Amino acid sequence: MYRAVSCVTVLFTMSALTNGITNGAVLALTGLAFQTVYLPTGIFHLGLGVAWVVAPLVAWCGIRVGLPLPLVAGLGVLAGSIVSLLFELVNHRPLVAKGAPLPVHLVSSLGLYLVGTQLLSLLAGSETKVLRPGVDRAWHIGTAIISRAQLIAAASACVVLLGFVILLMTSGLGRALRALADNPTELALRGHNVSCLRSVSFGLSGAMMSVAGLATAYDVGFDTHGGLTAVLLAVVAVILGGRDSFLRTACAGLLLAVGREYIASIWSARWLDAATFGFLALVLVIRPSGAAARSLRRDAST
Amino acid sequence: MNYILHHAVYLAVYVLLASGLNLTVGYCGVLTMAHASFFGIGAYTYAILALSWTSELLPTMVLAVGLAVLTSAGVALLAVRMRGDFFAMASLGFQSLVYCLVHNWSASDAPIGSWRNLTNGPFGIAGIPRPTVLGYRVTSPADFALLSLTTCVLVLIGVRVILQAPWAQLLRALRDDELAARALGIGAGRSKAEAIAISAALAAIAGVLQAAYLGFVDASVASLDQSILLLCMVVVGGTGNWKGPLIGALVLLFIPELLRFVELPTSVAAELRLLLYGLSLVALMHRRPQGLAGVYRLE
């Protein structure tokens with residue numbers, strides 16, 4: 001009896017682990033995309049939900065007119081990046097110039113998300129769309145099954161994650177972005193163009209979110225209203241990883257996805273969101289700065 | 001005539017909801033996105049009680065308010081622990097949690113309203129009995145309009161009395177400078193919890209009225225879209241006084257009616273309505289952050 005229970009546990013574990021890691025790579029990328037704007041600017045960029053949708057939508061349109069998948073994926077990422085950048089130029093930058101507080105950015109970003117999503121729904125319909133026709137090829141790894149779409153999604157997310165980490169750690173732009181996150185005032189005083197760097201962070205964020213949206217859409221399809229859920233999960237990853245780090249957010253996204261897969265395998269997929277947000281509420285009540293956040297000296301103004 | 005009465009009921013429901021949200025956003029400075037969850041709790045409480053116990057409005061309303069106030073402790077706990085847009089996101093998480101519970105709490109082999117099938121999941125609860133008020137059964141649209149508007153006016157008078165009391169000054173002090181207010185000995189946590197509880201109670205009353213009027217309730221009453229609509233009403237109308245929510249509810253209920261006369265297909269009209277809500281949020285944040293008739297700017 002004990003052996004049977006152990007076998008069932010291992011079976012669930014292998015399957016959940018495989019799915020968790022593949023979905024986790026995408027969720028890590030989503031969290032990192034959100035954090036790329038949040039950490040340097042403090043803005044809750046809910047408009048990223050539009051980038052999540054617009055990239056697969058552009059790819060879907062391209063596929064319908066017979067363009068190859070790599071080309072339409074590139075166009076999708078470009079479109080997502082431009083949308084995110086536009087939101088900064090037409091909304092957040094003017095609000096910063098007016099000295100608007102952060103909740104005003106949040107509400108206007110929510111408004112932009114609604115406008116973008118509804119425009120896309122009006123143009124392309126709100127029904128679920130798929131990027132790949134037919135049944136996908138799958139492989140057995142031990143007791144787990146992994147599909148080609150899952151592999152492509154995880155691989156593309158990992159490549160972008162790695163690229164971003166290399167950019168952040170080795171390039172001058174990465175150093176400037178980290179400096180922007182740490183102390184934007186000092187960065188401006190040292191002669192850096194903070195507005196330009198903010199635009200770069202919005203563009204990069206949109207590009208990463210687009211890749212995540214494309215990866216998910218290639219695996220399970222997409223609809224025009226799925227963006228906010230993706231952004232909410234990204235926020236959960238940011239809160240769990242702590243508000244002060246790019247890399248811990250990515251790690252938290254990975255762990256969150258693995259945890260969600262375990263819950264789905266041992267309990268039920270329909271309670272996934274309840275468990276996720278319940279856990280988030282618990283973490284926030286116990287440790288408001290985030291589960292893995294560094295303990296910082298309390299500022300006099302807080 | 002029925003058209004006007006129908007909209008009078010809806011206006012009363014949404015004025016109650018927006019006034020409740022105004023109390024937390026406009027007077028307390030707490031930007032919550034979980035208001036629809038209390039609306040849902042009120043609506044489902046009436047639906048379940050009316051099916052299994054009594055459709056008498058007063059006891060069901062009291063129980064719905066009690067349950068919403070209890071649940072509001074969760075949001076209050078979050079409000080005490082964090083501020084600003086992080087609280088807004090946390091409340092969004094709370095909203096998603098409640099929606100997920102309402103949307104999934106079902107079992108096909110159990111009766112509706114039982115512990116295993118409390119909300120009947122995505123199918124909602126239909127055939128909710130009409131309410132009775134002190135033995136008088138409310139059935140016609142005119143009766144419902146009278147009931148809703150009377151409840152709305154009575155509740156708003158109550159809210160106005162509360163807002164003229166010293167307690168409201170205390171809330172404003174917390175909103176404008178929490179650190180200074182706390183230094184003066186004001187209990188920030190308790191005051192915020194009280195404001196959120198009153199706000200939740202108003203939402204629950206609105207939920208009871210809506211469920212009793214429609215005779216049907218589903219998970220959409222507690223959805224994120226509903227919370228966004230309520231936030232739009234408060235932001236568009238304005239916060240920090242009693243007029244803002246009234247104007248916000250009037251404007252945002254008027255937009256879909258305007259689209260009805262353009263004779264657009266239903267699905268297009270729904271998308272267009274949300275698009276207009278989004279545009280109004282962006283435009284007001286840029287041009288008039290305190291809303292059309294409000295006095296408080298989000299901070």
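Trainee: How many residues does the contact take from chain A, and how many from chain B?
Mentor: Quick ground rules: this is a predicted model, where local features need pLDDT of at least 70, side-chain atom pairs count only at pLDDT 80 or more, and totals for chains, interfaces and linings use all residues. Residues are numbered from 1 along each chain as its sequence is written, chains are lettered from A and ligands numbered from 1 in the order in which they are written, and side-chain values use heavy atoms, with hydrogens and water left out. Contact means heavy atoms within 4.5 Å. On that basis, the tally is 46 residues from chain A and 39 residues from chain B.

Trainee: What share of the area buried between chain A and chain B do carbon and sulfur atoms give?
Mentor: Buried area is the accessible area (1.4 Å probe) that two parts lose on being put together, summed over both. Here the total is about 3800 Å². The share given by carbon and sulfur atoms is 78%.

Trainee: How many salt bridges does the rule find across the interface of chain A and chain B?
Mentor: The rule wants a side-chain nitrogen of Lys or Arg within 4 Å of a carboxyl oxygen of Asp or Glu. Over all chains the structure holds 10 of them. Across the interface of chain A and chain B, though, the count is 0.

Trainee: Which helix supplies the largest share of the side of chain A that touches chain B?
Mentor: Helices are DSSP runs of H or I, at least four residues, and strands are runs of E, at least two, numbered from the N terminus. Helix 3 (69-97), helix 4 (102-124), helix 9 (227-241) and helix 11 (272-286) of chain A each supply at least two residues of that side. The largest share, 15 residues, comes from helix 4 of chain A.

Trainee: Which residue forms a salt bridge with A:Arg198?
Mentor: The closest N and O atoms of this pair are 3.1 Å apart. The pair links distant parts of the chain, 110 residues apart, with A:Arg198 in helix 8 (residues 194-220) of chain A and its partner in helix 3 of chain A. That partner is A:Glu88.

Trainee: Where in chain A is the pLDDT below 50?
Mentor: pLDDT is the predictor's confidence in each residue, from 0 to 100. Chain A averages 85, and 91% of the residues score at least 70. Where pLDDT is low, the predicted coordinates should not be read in detail. In chain A, the pLDDT is below 50 over residues 297-302.
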